[in-house]
Amino acid sequence: MSNDLDLKALEKKAWQSVFQDGLWDIYLGILLTSFAVSAWLDKQPMDDDLRMGIYIGVMVLAMIFLWAGKHFITAPRMGTGRFGAERRKRRNLVRLILFISVLLGLAVWWLTAWHGFTTGGWGFPMIWVLNILMVFGLGAYFLDYQRLYLIGFLYALVIPLDLAIKSATQMDMDVYIFSGAGMIVVLMGLAYLIRFMRDNKPLQPHQG
């Protein structure tokens, strides 16, 4: 019995270490900052295809950064392994939640863009907030990734805050709001990454 408990504790520690390197924080921060890039590009006199290409390029670079960080920074320090069925079940559940969230976002966009559907000035920000809080909250719970609560709050905040400032002052601050929130997440991730690299040296290969 004690051996089972020890194995579960070790697996939980290994699972949580997946997020202790800060790379997921940085990745999510870059994606949030990409909202600022998109808002800035919308103000530039350029072709729509070029604008979309630049935006997609930013997201691709974020994914490359995450992969490279896990491959060249985390794996040499923590090794690689396969988690148990319960952890894999939780991971798959979060994937399902993300998939449903994307479908909801696409449905709202489709109704708005092609059928003129509207829910009022604050309707879509509220849909955004509820969707983000649900996805990030459930992700934080099922993945034991507590910082995801804070990251989700920042994601949920940006659009209502942008709309409130525009309504109150007529000032267009979206680039600054999105980039500011994104940089908070990136800096938080960098702090965790620096501490992770300081506390975990690369594993030494076995001498045979």
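Predicted model: local features only at pLDDT ≥ 70, side-chain atom pairs only at ≥ 80, totals over all residues.
**Overall layout**

Written as a pattern, that is α-α-α-α-α-α-α. I then checked burial: of the 208 residues, 32% are buried. The accessible surface comes to about 13,200 Å², and carbon and sulfur atoms account for 70% of that.

**The core**

Next I looked up the largest nonpolar core, which has 36 residues. Leu28, Leu32, Phe136, Ile151 and Tyr155 touch the most other members. Helices H2, H3, H5, H6 and H7 each supply at least two residues of this core, and H2 gives the most, with 10. I picked out tyrosine 155 and listed what it touches beyond four places in sequence: Leu28, Leu31, Leu32, Phe35, Trp128, Ile132 and Phe136.

**Salt bridges**

I counted nine salt bridges. One of them joins lysine 43 and aspartate 174, at 3.1 Å from N to O. Lysine 43 sits in the loop between H2 and H3 while aspartate 174 is in helix H7, so this pair ties together parts that are 131 residues apart in sequence. Lysine 43 is partly exposed at 42% relative accessible area, whereas aspartate 174 is buried at 8%.

Arginine 51 and aspartate 48 make another salt bridge, at 2.5 Å. Both are in helix H3, and they are about one helical turn apart because three residues separate their positions. Arginine 51 counts as buried at 14%, but aspartate 48 is exposed at 55%.

I also found aspartate 172 with lysine 166, at 3.6 Å. Aspartate 172 is partly exposed at 39%, and lysine 166 is partly exposed at 30%. Those two belong to a network of salt bridges that links Lys43, Asp162, Lys166, Asp172 and Asp174.

**A buried arginine**

Which side chain of opposite charge is nearest to arginine 77? It's aspartate 21, but that is 9.3 Å away. A salt bridge needs the atoms within 4 Å, and arginine 77 has none, although it is buried. I placed arginine 77 in helix H3. A polar atom of its side chain lies 3.0 Å from the backbone oxygen of isoleucine 73. Beyond four places in sequence, I noted contacts of arginine 77 with residues including Phe196, Met197 and Leu203.

Terms used:
Residues numbered from 1 in each chain as written. Heavy atoms only, no water. Helix = DSSP H or I, 4+ residues; strand = E, 2+ residues; numbered from the N terminus. Buried < 20%, exposed > 50% of the residue type's maximum accessible area, 1.4 Å probe, protein only. Areas by Shrake-Rupley, 256 points an atom, 1.4 Å probe, with all protein chains shown as cover. Lys, Arg positive; Asp, Glu negative; His and termini not counted. Polar contact = N/O pair within 3.5 Å; in protein donor to acceptor, adjacent residues only side chain to side chain. Contact = heavy atoms within 4.5 Å. Core = buried A, V, L, I, M, F, W, Y, C linked by side-chain atoms within 4.5 Å.
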